[in-house]
Amino acid sequence: MANGDRRIVIAGAGSIGCYAGGCLALAGRRVTLLARPRIEAALRQGGLRVSDLDGRDRSIEPEALAVTADPAAALPQADVILVTVKSGATQDIAALIKAHARPDAVVVSLQNGVDNADRLRAGLTRRTVLAGMVPFNVVQSPDGELPLRVHRASDGTVMVEDRDAGLVNLLGVEGFAVEAHGEIKAVLWGKLLMNLNNALVALSGLPLATELADRRWRLILAGQIDEALRAMKASGIEPARIAGLRPTLLPKVLRLPDWLFKLLARRLLAIDPQARSSMWDDLQRGRSTEIDDLQGAILRLAEKAGTPAPTVRRITALVRAAEAERLGSPGLVPEQVVAPPAGHRSR
């Protein structure tokens, strides 16, 4: 089947899903966005604006978008399903795909974490499920702003398993670069190391570039990565390179003085000044975060391997406390994350 004939469904069209779907639609691909009712209403009313760090700024009118909140309307027509729901919704989306999609539809997980493709496979036996990795941040416009805007705020190439020869040609379009990778699990573990920073952005409330430029925050991230690398080594896991760096070098680079870090880590700092993490967005919107699939994955690995992970454990507890309070980002400073005063919560 030619690329122009293959129907793509974005299962979970939030920030990443709308960005991917928007780029694909702008390139002439046949795309349907399966979204929450809030997103569906915004897209039907104002359309979609897709912009990025490289200066692209493109719009799609409402009448040119195929969007629905009904899985039974979207999934039966899919040849390729890009799963972009949060990790906590993986089992639910698998059940919907099983109920409504054709058995020959190719399912691709473009989610954070290392286990989501396996979870999809468990719920979709005898179907083709591929793992993928999205390396960049996407920022969504505030509720009520029309058209809904999704802005790619950092750089990188999407990686997918290389078991479908035509998939890269189908998905790789302007603004959404895609490559096949033969060791996708290593890529996912490598990305997880950097995703440990999502929680620090969420706890601080700072833009990602501002947070990374502050050595105090980088020291906490370096501590988390040290603990993760120990657990991975004890478990026989070799994560892929990150921004061209061997993972074992990353904590050393993060601990450099600010001036030297800015000089040597330009790829890590190639970020829109206002970009934050999806975990920060979840706290702001009062939603559950992906902490159990990021820091939680390291804690489970460390427990199994018998390696210590006190920093990761501390960060996990702080994010869970912020989730429970539903007051948005707690606005912590690094000293509070390391050793907070009893009962203190900064706003």
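Start by selecting Gln-77, which touches Arg-7, Val-9, Thr-32 and Arg-102, leaving out residues up to four places away in sequence; touching, or contact, means heavy atoms within 4.5 Å. Keep in mind that this is a predicted model, where local features need pLDDT of at least 70, side-chain atom pairs count only at pLDDT 80 or more, and totals for chains, interfaces and linings use all residues. Residues are numbered from 1 along each chain as its sequence is written, and side-chain values use heavy atoms, with hydrogens and water left out.

Gln-77 sits in the loop between α3 (71-74) and β6; helices (H or I, at least four residues) and strands (E, at least two) are DSSP runs, numbered from the N terminus. Gln-77 is partly exposed, at 30% relative accessible area (buried is under 20%, exposed over 50%, partly exposed in between, with a 1.4 Å probe and protein chains only).

Zoom in on β7 and β8 (residues 129-133), which run parallel and are joined by 3 bridges. Ser-109 stands opposite Ala-131 in β8.

Now pick helix α4 (residues 90-100). Which of its residues are buried? Thr-90, Ile-93, Ala-94 and Ile-97. They lie on the same side of α4 because they cover an arc of only 105° around the axis, taken from the directions from the helix axis to the C-beta atoms. These buried residues pack against β1 (7-11), β6 (80-83), β7 (106-109) and α5 (116-123).

Last stop: the inside. The largest nonpolar core has 78 residues, and Ile-81 and Ile-97 touch the most other members. Such a core is a set of buried Ala, Val, Leu, Ile, Met, Phe, Trp, Tyr and Cys residues joined through side-chain atoms within 4.5 Å. Helix α10 (residues 215-234) gives the most to this core, with 9 residues. Apart from this core lies another, of 38 residues, including Ala-35, Leu-110, Leu-148 and Val-178.

Methods:
Pairing = 2+ DSSP bridges.
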